[in-house]
Amino acid sequence: MLDESEEKALLGYLDERFGIPPEVFEDYFWFKREKTWWMVSASRLIEKASGLKISLVGLRAFTKIGGFIKPTTRMIQVFGKHAIKSRLEVGKDDLRRLLGGETLAIESRQENGYVILSHGGDILGLGLLLNNLVRSQLPRQYKKLLEPFLKPIP
Amino acid sequence: MLSPFDSYREIIPDYETFVEALQYPLPAHLRINLLKTEIAPVVRKMNARGVTLIPLSEKDPSLFLAPDPGLRGNFLDHVLGNIHFQALTSCLASLVLSPQPESLVLDLCASPGGKSSHMAQLMNNTGVIVANEPDLRRQVPLSHNLSRLGVLNTVMTRYQAQEFTLRQNFDYVLADVPCSGEGRFRFPGKTMWYGEPKRAEKLLELQKRIISRAFDLLRTGGVMVYSTCTYNPLENEGIVDALLKERRDAELLPIECGFPYAPGVLSWNKKVYERELQKAARFYPHQLDSVGFFVAKIARRE
């Protein structure tokens, strides 16, 4: 399990960057394994599973990339709805461009860092904002998976 | 034309209609994932894409028939985990078990994760589900689906189901066992690929060992479901019958799922099964247009 200071640092980042209050994560336990952080519903029953040979616990929530800690797409898809800043709603054309590897120029006063990308209100995952340019951090396979969706309806 | 299931003529009600139903492709069913979204916006978005969704169950309003699924897995809602395509009868295993929130659940043969994630939804992501899958290759889709669907109350293990450690007892156990898969078969005469599995005897032995271990893993007063997607009584009633004869604290419970089914058979190939087995449920494609399925709900008596 994660010690209190590490947990505080992770939740502090989500609060500071996205405005997701730490209370949102009150009902979860956190675990760290090598360069990944995992979260699981806080239940007293989790102790009963401790005698088992466990291969994975809950949802992978953060990964360490270089010196940075990055929230995972799946974690952001679940909790991104609580974010009140660093959000960017993209239309189909912009989404197609992002998935194609292009950058989006936006006018923003936000500091460099991750932004939550959404389409039609649905949280897609993260983009990376650097000097008013946004680059996709969505999983690469989304380009192929979303190809039919991004085609115009005849 | 002969159907590969002619040997079941005596036990499948209205057999000719059953054979007729096999001429049609499996319909697409999906579950709106209430762990990530709500029903109304998904229905609205799917309608806008030209897909009609027809609700199927009052007991579980997240289950829908998608008569013309078109793009299937390539829907944005699928990619984001707002929906999950899953055979209706497969959903019924979780629905029949109906694990309560804050309970300890074991899914012994969990991949690809449709039933585990459905149970997580029924439990509102509370308690703990142990999603067990021994095959490393099958752990990949299991892990992928659980994370895509925003499941937060699972731990994954890799025990052989029949040898799952006895260190811990569970409130609920789901044993959706490997089977001959007859219930998935459609189009007799067009694709005559169907044949008895080569190692049928070994399969029966494995099923017996899994149900026995599943029952051992139940706490007193706990409930389990044994399910298959086959019509073969040897893999269904035969396996449950053996458990009932061996374990006097095992008791079959009635099944209330709100969908039509035929009761379990009481005899097959001159073998007579316990009368209790009529409480088991056989789902046939001419009665419920989905994968053929068998479900038995078993309690461990106090």
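## Ground rules

Two strands pair if DSSP finds at least two bridges between them. Strands (E, at least two residues) and helices (H or I, at least four) are DSSP runs, numbered from the N terminus. This is a predicted model: local features need pLDDT of at least 70, side-chain atom pairs count only at pLDDT 80 or more, and totals for chains, interfaces and linings use all residues. Residues are numbered from 1 along each chain as its sequence is written, chains are lettered from A and ligands numbered from 1 in the order in which they are written, and side-chain values use heavy atoms, with hydrogens and water left out.

## Strand β15 of chain B

Start with β15 (293-300) of chain B. Eight of its eight residues are buried, meaning under 20% relative accessible area, where over 50% is exposed and anything in between is partly exposed (1.4 Å probe, protein chains only). Phe293(B), Val295(B), Lys297(B) and Ala299(B) point one way. Phe294(B), Ala296(B), Ile298(B) and Arg300(B) point the other way.

β15(B) has several antiparallel partners. Three bridges join β14(B) to β15(B), with Ala281(B) partnered by Val295(B). Six bridges link β9(B) and β15(B); here Val223(B) pairs with Ala299(B).

## Helix α8 of chain B

Helix α8 (residues 237-246) of chain B is largely enclosed by the rest of the structure, because eight of its ten residues are buried. Among them are Glu237(B), Asp241(B) and Leu244(B). The buried residues pack against α7 (200-216), β9 (218-228), β10 (250-253), β13 (271-272), β14 (281-283) and β15 of chain B. Packing here rests on contact (heavy atoms within 4.5 Å).

Three bridges join β1 (residues 28-32) to β4(B). Arg31(B) has His84(B) as its bridge partner in β4(B).

Ser57(B) sits in the loop between β2 (54-55) and β3 (63-66) of chain B. Why is Ser57(B) classed as buried? Its relative accessibility is 10%, so Ser57(B) counts as buried. Its side chain reaches the backbone nitrogen of Lys59(B) at 3.1 Å. A polar atom of that side chain lies 2.9 Å from the backbone nitrogen of Asp60(B). Not counting residues up to four places away in sequence, Ser57(B) touches Leu63(B), Leu95(B) and Phe259(B).

## Where the chains meet

The size of an interface is often given as the accessible area lost when the parts come together. Chain A and chain B bury about 3,000 Å² between them (1.4 Å probe, summed over both). Of that area, 62% is on carbon and sulfur atoms. The contact takes 35 residues from chain A and 37 residues from chain B.

How many salt bridges cross the interface of chain A and chain B? The rule finds one, a salt bridge being a side-chain nitrogen of Lys or Arg within 4 Å of a carboxyl oxygen of Asp or Glu. The side chains of Asp122(A) and Lys45(B) form it, at 2.7 Å from N to O. Strands cross over too. β3(A) and strand β7 (residues 154-157) of chain B run antiparallel, joined by three bridges. Leu56(A) stands opposite Met156(B) in β7(B).

Terms used. Polar contact = N/O pair within 3.5 Å; in protein donor to acceptor, adjacent residues only side chain to side chain. Buried area = accessible area lost by both parts, 1.4 Å probe.
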